[in-house]
Amino acid sequence: MKETLLSLLKLAEIDGRINKLKDEQDEIPRQVKDDSQDIITRQDLIEKTSRDITEKELTKKTLTDFIQEKNQWVTSREDLVKDIKTNKEYQAALKEVATAKKEIKDKETALQGLVPDLEAKVTELAKIKDENTPIIDTLKSKILQYKLRFEDLKLELAKTRQERSEAKKNITNKDILNYYEKIHTRIEPAIAKVDNNCICTECGTHLLPQTYNLVAVGKEIQTCNGCKRIIYIEEILAEAG
Ligand SMILES: [Zn+2]
């Protein structure tokens with residue numbers, strides 16, 4: 001029984017490694033998703049601020065063009081006013097010029113409000129880029145590392161599973177092996193150490209003294225009546241022979 005238990009312990013050790021590899025592998029898609037989302041959020045912020053600036057620049061250009069054109073119009077209109085013959089026409093022309101000047105004034109006021117806004121946005125964008133661009137680069141390289149690690153894990157898992165198949169061959173008692181496999185699908189590890197106080201170290205169940213004695217004698221495989229794991233006593237297994 002001692003040989004079988006030692007082989008089962010070896011199997012449990014391999015299963016422990018397989019589980020760790022699988023856990024790490026399972027974790028990677030979630031991490032990639034989180035980091036990708038983080039990149040998108042940061043890129044969106046940069047893009048949104050850039051769009052704000054483009055819109056404000058467009059508005060600024062529209063206002064500036066309007067003011068320029070209107071000023072030219074006013075100048076030419078004022079030149080013409082001098083040559084007007086009738087008072088009625090003169091009054092109408094003056095009114096037109098006054099309306100145009102009022103429009104210019106309004107647009108200038110709008111422009112005055114817009115320019116500091118635009119400057120603030122440009123400063124904000126530079127700051128956002130400074131803060132986020134290095135983080136985005138780091139996240140991108142992290143994702144690349146995750147993908148490489150994922151491929152490594154696939155190979156490592158395949159290798160470890162092969163090792164497991166080999167280790168199984170050392171267990172000639174197929175009933176015990178099948179029992180181990182059954183427990184293994186439910187609970188990890190599938191084998192539990194019993195301490196000097198007759199307690200299963202995995203589930204804490206206090207074992208009957210006779211069960212402990214049977215394990216100590218090592219004639220047959222015993223299981224914990226709490227967690228159903230195959231149990232062993234470390235000191236007995238460590239003894240020579
Ligand atoms: Zn137990």
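Predicted model: local features only at pLDDT ≥ 70, side-chain atom pairs only at ≥ 80, totals over all residues.
**Domains and their contact**

The domain assignment divides the protein chain into domain 1, covering 14-169, and domain 2, covering 174-238. Taken over C-alpha atoms, the centres of domain 1 and domain 2 are separated by 62 Å. Where the two domains touch, 4 residues of domain 1 and 4 residues of domain 2 take part in the contact. On the side of domain 1 that touches domain 2, the largest share, 3 residues, is supplied by helix 1 (residues 2-81). Sorted by class, that side of domain 1 holds no nonpolar residues, 2 polar residues and 2 charged residues.

**The pairing of helix 1 and helix 2**

Helix 1 packs against helix 2 at an angle of about 165°, and the axes of the two helices lie 3 Å apart. Because angles over 145 degrees count as roughly antiparallel, helix 1 and helix 2 are described as roughly antiparallel to each other. The crossing in which helix 1 passes helix 2 is left-handed. By class, the contact of helix 1 with helix 2 comprises 38 nonpolar, 12 polar and 31 charged residues.

K159 belongs to helix 2 (residues 87-169), and K159 is exposed, since 11 other C-beta atoms lie within 10 Å and the limit for an exposed residue is 12 or fewer. E151 is likewise part of helix 2, and E151 counts as exposed, with 9 C-beta neighbours inside 10 Å.

| Residue pair | Separation along the chain | C-alpha separation |
|---|---|---|
| K159 and I18 | 141 residues | 9.8 Å |
| E151 and Q25 | 126 residues | 9.2 Å |
| K219 and M1 | 218 residues | 6.1 Å |

**Backbone features in the loops**

The loop between helix 3 (174-186) and strand 1 (191-193) contains P189, and the peptide bond that leads from E188 to P189 is cis, with omega near -10°.

In the loop between strand 1 and helix 4 (209-217) lies C198, which has a positive phi of about 65° although C198 is not a glycine. With 16 C-beta neighbours inside 10 Å, C198 counts as partly exposed, because that class lies between the exposed limit of 12 or fewer and the buried limit of 20 or more.

A positive phi, of about 70°, is also found at K228, again a residue that is not a glycine. K228 is located in the loop between helix 4 and strand 2 (230-232), and K228 counts as partly exposed, with 17 C-beta neighbours inside 10 Å.

K219 has its place in the loop between helix 4 and strand 2, and K219 counts as exposed, having 9 C-beta neighbours inside 10 Å. When its neighbours within four places in sequence are left aside, K219 is in contact with M1 and L214.

Technical notes. Residues numbered from 1 in each chain as written. Domains from an automatic or database assignment. Contact = placed C-beta atoms within 7 Å. Helix = DSSP H or I, 4+ residues; strand = E, 2+ residues; numbered from the N terminus. Nonpolar A, V, L, I, M, F, W, Y, C, P; charged D, E, K, R; others polar. Axes fitted to C-alpha atoms, helices over the stretch in contact; angles between N-to-C directions. Parallel < 35°, antiparallel > 145°, perpendicular 65-115°, else oblique. Left-handed = near helix turned anticlockwise from the far one by under 90°.
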